[in-house]
Amino acid sequence: MLAVRLSESEAMARLASRDHGVLCTLHPARGVDAVPVVYVMDRGWVGVPVDLVKPKGSTRLQREHNLRADPRATLLIEHWDRADWARLWWVRAELRWQDDADVGCADGLAARLAGSFVQYRDRPFERILVFRVLAAVGWSGSGASTGPAAASGPGPVLP
């Protein structure tokens with residue numbers, strides 16, 4: 001197995017080809033606060049919904065409190081193949097939270113979410129958390145470039 005670091009363009013392509021991952025923010029007392037999220041990506045921006053579909057104790061989520069105190073975040077995505085470790089890969093995106101009123105792309109990200117998830121067709125969003133992608137790094141268990149198409153799900157075993 002030839003492990004390789006992904007180029008930034010390959011890491012960004014894999015990030016754009018996926019729709020869920022683990023968003024990490026910084027809680028002031030306990031440190032890393034990691035939560036699974038769905039997302040969309042458009043031209044270097046990531047949108048994470050605060051939706052009204054799933055039950056919540058409050059629509060003011062801890063991740064938002066964390067971001068107001070420190071706007072840095074990380075989005076981690078990965079592909080796991082128990083049988084073929086040459087197909088393992090991960091991407092870590094360094095993000096910066098932006099107030100959606102300041103960047104004006106929340107509506108476009110909301111439209112992409114509505115087009116990507118049947119649960120969001122009627123746009124049941126409280127709001128969209130908007131992040132600028134500052135950098136993306138990644139690793140692959142195979143030296144072969146898999147591209148976004150192969151990264152989107154199960155497929156043939158790579159050489």
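Author: D81 is found in the loop between β6 (72-79) and β7 (89-98), where strands are DSSP runs of E with at least two residues, numbered from the N terminus. Bear in mind that this is a predicted model, in which local features need pLDDT of at least 70 and side-chain atom pairs count only at pLDDT 80 or more, while totals for chains, interfaces and linings use all residues. Residues are numbered from 1 along each chain as its sequence is written, and side-chain values use heavy atoms, with hydrogens and water left out.

Reader: Is D81 buried or exposed?

Author: Buried means under 20% relative accessible area, exposed over 50%, and partly exposed in between, with a 1.4 Å probe and protein chains only. D81 counts as buried because its relative accessibility is 15%.

Reader: Which side chain is joined to that of D81 by a polar contact?

Author: A polar contact is a pair of N or O atoms within 3.5 Å; within protein, one must be able to donate a hydrogen and the other to accept it, and residues adjacent in sequence count only if both atoms are side-chain atoms. Here the side chains of D81 and R87 are joined by such a contact of 3.0 Å, and the side chain of D81 also reaches the backbone nitrogen of A83 at 3.0 Å.

Reader: How should I read the faces of a strand, and what covers β5?

Author: In a regular strand the side chains alternate between the two faces of the sheet. In β5 (45-51), both faces are covered, with W45, G47, P49 and D51 buried on one side and V46, V48 and V50 buried on the other.

Reader: With which strands does β5 pair, and in what sense?

Author: Two strands pair if DSSP finds at least two bridges between them. Strand β4 (residues 40-42) pairs with β5 in the antiparallel sense over three bridges, and strand β8 (residues 125-140) pairs with β5, also in the antiparallel sense, over seven bridges. V46 is the bridge partner of M41, and in β8 the bridge partner of V46 is F131. The hairpin formed by β4 and β5 has two residues between the strands, and R43 in the turn has a positive phi of about 45°.

Reader: For contrast, is V32 buried or exposed?

Author: V32, which lies in strand β3 (residues 31-38), is exposed because its relative accessible area is 56%. Leaving aside neighbours within four places in sequence, V32 is in contact (heavy atoms within 4.5 Å) with C24, T25 and L26.

Notes: Helices (H or I, at least four residues) and strands (E, at least two) are DSSP runs, numbered from the N terminus.
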